[in-house]
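Work through these exercises with the model open beside you. Try each task before you read its solution.

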Amino acid sequence: MISITVTALAFGVIFLAELPDKTALAGLVLGTRYRASYVFAGVAAAFLLHVALAVAAGSVLTLLPQQIVHALTGVLFLGGAAMLLLKKDEDDEEIRKPADQSFWKVAGTGFMLILVAEFGDLTQIMTANLAARYDDPISVGLGAVLGLWAVAGLGIVGGKALMKRVPLRFITQIAALLMLALGAWSLWEAVAG
């Protein structure tokens, strides 16, 4: 059974945390050079793999006593909030252009770029935390994948317009505040439980 609440929470947290990330900018750059659907196919496949790995790691954490899981996820959420608040603005990275514009070349470029750039990234760690915290891997995985895909789609299709209207720093601060709240709540449950 899929929990709409857990799915929506995972979507919101991951969406906000991924917006200021380098991969949103990479999607924007790829989207300006290649057919958007080809780029999205490769990026979406890489995000799906990352979420599956993160949910599996988070599901293993559910085998620990609940107080330890709450304390661990609380500390990790607080660490993620600190990383977002202390992170310097990222520059556009140069992305190599494939020799041709075929589906497999473009999708492969997007897949490899995200696969490498996102491994061990904050959103992957947050997805594992959410999977451990809620013990609902399907809902967390669905929310995380949809959040990452939404950011990728925005980055590929309309990232420039969004970044002109909403300051990147503001989005980062909202994501950090949400993570601070989740961290404090998890730590409170660890102490109260």
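Predicted model: local features only at pLDDT ≥ 70, side-chain atom pairs only at ≥ 80, totals over all residues.

**Exercise 1.** Find out how the buried residues of helix 5 are arranged around its axis.

*Solution.* First list them: Val106, Ala107, Gly110, Ile114 and Glu118 are the buried residues of helix 5. Next, look down the axis. These buried residues fall within an arc of 95°, so they line one face of helix 5. Then turn to the other side of the helix, where Trp104 and Val116 are exposed.

**Exercise 2.** Classify the aromatic pair formed by phenylalanine 11 and phenylalanine 15, and relate it to helix 1.

*Solution.* A search of the whole structure finds four aromatic pairs. In the pair of phenylalanine 11 and phenylalanine 15, the centres are 5.5 Å apart and the planes make an angle of 15°. Planes under 30 degrees apart count as stacked, so this pair is stacked.

Now place the pair. Both residues belong to helix 1 (residues 4-18), four residues apart, so about one helical turn separates them. An α-helix has 3.6 residues a turn, so residues three or four places apart point the same way.

Phenylalanine 11 is partly exposed at 30% relative accessible area, whereas phenylalanine 15 is buried at 18%.

**Exercise 3.** Classify the aromatic pair of phenylalanine 103 and tryptophan 104.

*Solution.* The ring centres of phenylalanine 103 and tryptophan 104 lie 4.9 Å apart, with 80° between the planes. An angle over 60 degrees counts as edge-to-face, so this pair is edge-to-face. Finally, widen the view: ring pairs link Phe103 and Trp104 with Tyr38 into a cluster.

**Exercise 4.** Which rings have arginine 133 over their face?

*Solution.* Take the rings one by one. Arginine 133 lies over the face of tyrosine 134, 5.0 Å from the ring centre. Arginine 133 also lies over the face of tryptophan 185, at 4.3 Å from the ring centre.

How values were computed: Residues numbered from 1 in each chain as written. Heavy atoms only, no water. Phe/Tyr/Trp six-rings, centres within 6.5 Å; stacked < 30°, edge-to-face > 60°. Helix = DSSP H or I, 4+ residues; strand = E, 2+ residues; numbered from the N terminus. Buried < 20%, exposed > 50% of the residue type's maximum accessible area, 1.4 Å probe, protein only. Lys NZ or Arg CZ within 6 Å of the ring centre and 35° of its normal. Arc of directions from axis to C-beta.
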